[in-house]
Amino acid sequence: MNILEADCKSKIVHGMVMFVFIYSTCLVLVQRVEAADPDPLVDFSANATTPVFRNIFVNGDVSVGSGGVRAALDIGKFPGLTSEGLTVVQFKMVPCGENVPHTHPRATEVLSVISGGPLQAGFVDTKGEAHIHILYPGDLIVFPRGLLHFELNVGTETAFYISALNSQNPGTLDSAGAVLQLPERAAAIALNIDIAAVRALKSQRPYNEPPTLEAAKPGVCVPGQMITTTV
């Protein structure tokens, strides 16, 4: 093999390596784009008659639980959100009410406390580390996409707060309820309890759908006491 032939083969191999690298990079980028909501194709949805939605706690997707009121907006209730990649939820949570631990498999959430509370809120990351904080009016917290998170009103006043999620269909998975939907043996192993205890929990804890705010059992939480990130 002469020097010219060797140089030609080297260039061919180099070109193939670059092609594979560029193809792999493009594939990753395409997959990342496809995982997010698509970009809007119009300025404002043709199905929407107004960009304003009135009185979400009356006209929104409202669920009332022992822990307070949750009112959500999606494209079904508010066509103005169509293709904007947004879901909005407002909460009025009573003292010792909780938005029980859950995940949003398709969205990141930003929560802002408007009044009342304070809230104990946080999430657990994929390393098992808990990020728990006390939130007062004017504070915000981000819950990264897909991570387990919760909010609990540890104050003496009803907490009013707002969440925005970057998908028009974020999904909500009730974490405790989901575990109890597993076969009893699998749930017992996961929770390190016996099957009888799993059956007892199932009878007391149905899957939280539609999502509602729940109040703490007597003795579990006292309004205004133990405002800390560790309890």
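Buried means under 20% relative accessible area, exposed means over 50%, and partly exposed is in between, with a 1.4 Å probe and protein chains only.

Before going on, some notes on the model. This is a predicted model, where local features need pLDDT of at least 70 and side-chain atom pairs count only at pLDDT 80 or more, while totals for chains, interfaces and linings use all residues. Residues are numbered from 1 along each chain as its sequence is written, and side-chain values use heavy atoms, with hydrogens and water left out.

pLDDT is the predictor's confidence in each residue, from 0 to 100. The protein has a mean pLDDT of 87, and 84% of its residues reach 70 or more. A contact means heavy atoms within 4.5 Å. Where pLDDT is low, the predicted coordinates should not be read in detail.

Now the overall layout. The protein has five helices and ten strands. These are DSSP runs numbered from the N terminus, with helices being H or I of at least four residues and strands being E of at least two. Of the 231 residues, 31% count as buried. Taking contacts between residues at least 6 apart in sequence, 73% join residues at least 24 apart.

Rings of Phe, Tyr and Trp (for Trp, its six-membered ring) pair if their centres lie within 6.5 Å; planes under 30 degrees apart count as stacked, over 60 as edge-to-face, and the rest as tilted. How many aromatic pairs are there by this rule? The count comes to three. One of them is Phe57 with Phe160, a tilted pair at 6.3 Å centre to centre and 55° between the planes. This pair links distant parts of the chain, since Phe57 sits in helix H2 and Phe160 in strand S8 (residues 148-165), 103 residues apart. Phe160 is partly exposed, with a relative accessible area of 22%.

Another pair is Phe91 and Tyr161, which is stacked because the ring centres are 4.4 Å apart and the planes are at 10°. Here too distant parts of the chain are linked: Phe91 is in strand S3 (residues 87-93) and Tyr161 in strand S8, 70 residues apart. Phe91 is buried at a relative accessible area of 3%, and Tyr161 is buried at 0%.

Lys92 lies over the face of Phe57, at 4.3 Å from the ring centre. The rule for a charge over a ring is that NZ of Lys or CZ of Arg is within 6 Å of the ring centre and within 35 degrees of the ring normal.

Next, the cores. A nonpolar core is a set of buried Ala, Val, Leu, Ile, Met, Phe, Trp, Tyr and Cys residues joined through side-chain atoms within 4.5 Å. Which residues have the most contacts inside the largest one? They are Leu111, Val113, Leu119, Leu135, Phe143 and Tyr161, in a core of 18 residues. The elements giving two or more residues to this core are S3, strand S5 (109-124), strand S7 (140-143) and S8. S5 gives the most, with five residues. A second, separate core has six residues, including Ile56, Phe57, Ala71 and Leu81.

The structure also holds one disulfide, that is, a pair of cysteine sulfur atoms within 2.5 Å. Cys96 is joined to Cys221, S to S 2.1 Å. The link is left-handed, with -75° about the S-S bond. Cys96 lies in the loop between S3 and strand S4 (97-103) and Cys221 in the segment after strand S10 (214-215), so the pair ties together parts that are 125 residues apart in sequence. Cys96 is buried at 6% relative accessibility, and Cys221 is buried at 18%.

Last, the loop between helix H1 (3-35) and helix H2 (56-59), where Phe44 has its place. Not counting residues up to four places away in sequence, Phe44 touches Thr50, Pro51 and Gly80. Asp43 is in the loop between H1 and H2 as well, and is exposed at 79%.
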